[in-house]
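Please look through the sequence and the structure shown below. The paragraphs after them start with the whole chain and then turn to single residues.

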Amino acid sequence: MQYDPIKRSLGKVFNQTPALRIFFYRLLDLLLLRAWYIRRELRRVARLNQKEMQVLDAGSGFGQYVYYMSSLGKQWTIKGVDVKEEQIADCNQFFEKIKRHNRVVFEYADLTKFVNTEAYDLILSVDVMEHILEDELVFANFYQSMKKDATLIISTPSDMGGSDTHHHHEDEGVHGFIDEHVRDGYNAEDIREKLTKAGFRNIRTSYTYGKAGNISWRLSMKFPIKALNTTKLFFIALPFYYLVTYPIAFVLNWIDISTRHSKGTGLMVVAQK
């Protein structure tokens, strides 16, 4: 199963105008359950910090969460870093077009080497750590780059099957829905121990994507992307597919985010320096 080619294809469609791109961001915010959890944590940070803030999106990708944070915190100065230079250039162009480049910038960075000493009030890292083998080094770099009392928010697959990483029945060399992970995911205790070792305190972990969330993920993401991998003609049917399935997915997402899970295929982590 190849996820990135589909993501790039959708990006090209919605990147034709700034308005279409913003529409795409909002669609992702509605469809992706992890975005529900992330936005909730970011709103908590915003409520507690009514001031100017320096923010790092560590692994900013297509810029979805940078856009949300730049809308949420009007006084926030945000840096997005990534290893994909084409995405960095694309994001810089987009934020210049929407006149937010005075407080938003994107740069290339390898997180195993990136340190900006005591620079940030908030670091966000979404679906990144499962791709990096030297995770303890990155956690130490995050700690060095944060101001005292700053907040770290991490969203990652858990070791209970996040992104179907435990499904080993597909073609050789491709073992899950997303085939770039260096680990299946994190156990809550494991990531808590690693963050404690790096110096973090007040570490809060919670599982996401419980039973309801997993059904929603299959309806809203897995099944349509599998269909698009089979034939691009499914793009034509996509709006009609979501017209039928999204109301169900929305209710399932609401149930998931409203429930405390003892286990789940996703993991949210919040910690302080």
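Helices and strands are DSSP runs numbered from the N terminus, a helix being H or I with at least four residues and a strand being E with at least two. Counted this way, the protein chain has nine helices and seven strands. The model is a predicted one, where local features need pLDDT of at least 70, side-chain atom pairs count only at pLDDT 80 or more, and totals for chains, interfaces and linings use all residues. Residues are numbered from 1 along each chain as its sequence is written, and side-chain values use heavy atoms, with hydrogens and water left out.

How much of the chain is buried? A residue is called buried under 20% relative accessible area, exposed over 50%, and partly exposed in between (1.4 Å probe, protein chains only). Of the 273 residues in the protein chain, 55% are buried. The accessible surface, computed with the Shrake-Rupley method and a 1.4 Å probe, where for residues only the protein chains shown count as cover, comes to about 13,300 Å². Carbon and sulfur atoms hold 56% of that surface. Contact here means heavy atoms within 4.5 Å. Among contacts in the chain with a separation of 6 or more, 78% are between residues 24 or more positions apart.

One stretch carries an annotation. An unreviewed UniProt entry places the feature "transmembrane region" at residues 233–255. UniProt positions are given in the numbering used here, feature names are shortened, and annotations may be inferred rather than shown by experiment.

Next come the charged side chains. Side chains of opposite charge can pair when their charged atoms come close. A salt bridge is taken as a side-chain nitrogen of Lys or Arg within 4 Å of a carboxyl oxygen of Asp or Glu. The whole structure has 14 salt bridges. One of them joins Arg 44 and Glu 41, at 2.9 Å from N to O. Both residues belong to helix 3 (residues 33–48), where they sit three residues apart, about one turn of the helix. Arg 44 is partly exposed because its relative accessible area is 31%, while Glu 41 is buried, at 5%.

A second salt bridge, between Glu 136 and Lys 197, has an N to O distance of 3.0 Å. This pair links distant parts of the chain, with Glu 136 in helix 6 and Lys 197 in helix 7, 61 residues apart. Glu 136 has a relative accessible area of 34%, so it is partly exposed. Lys 197, at 66%, counts as exposed.

Lys 194 is also found in helix 7, which covers residues 188–198. Is Lys 194 buried or exposed? Its relative accessibility is 15%, so Lys 194 counts as buried. Leaving out neighbours within four places in sequence, Lys 194 is in contact with Asp 135, Glu 136, Phe 139 and Tyr 186. The C-alpha atoms of Lys 194 and Glu 136 are 6.3 Å apart, although 58 residues separate the two along the chain. A polar contact is a pair of N or O atoms within 3.5 Å; within protein, one must be able to donate a hydrogen and the other to accept it, and residues adjacent in sequence count only if both atoms are side-chain atoms. The side chains of Lys 194 and Asp 135 form such a contact at 2.8 Å.

Lys 194 forms a salt bridge with Asp 190 as well, with the closest N and O atoms 3.9 Å apart. Lys 194 and Asp 190 lie four residues apart in helix 7, about one turn of the helix. Asp 190 is partly exposed, with a relative accessible area of 28%. Through salt bridges that share partners, Asp 135, Arg 183, Asp 190 and Lys 194 are joined into one network.

Glu 130 is placed in the loop between strand 4 (120–126) and helix 6 (135–145). Glu 130 is buried and has no salt bridge. For charge, Lys and Arg count as positive and Asp and Glu as negative, while His and the chain ends are not counted. On this basis, the nearest side chain of opposite charge to Glu 130 is Arg 183, 6.8 Å away. The side chain of Glu 130 does make a polar contact with the side chain of Thr 156, at 3.0 Å.
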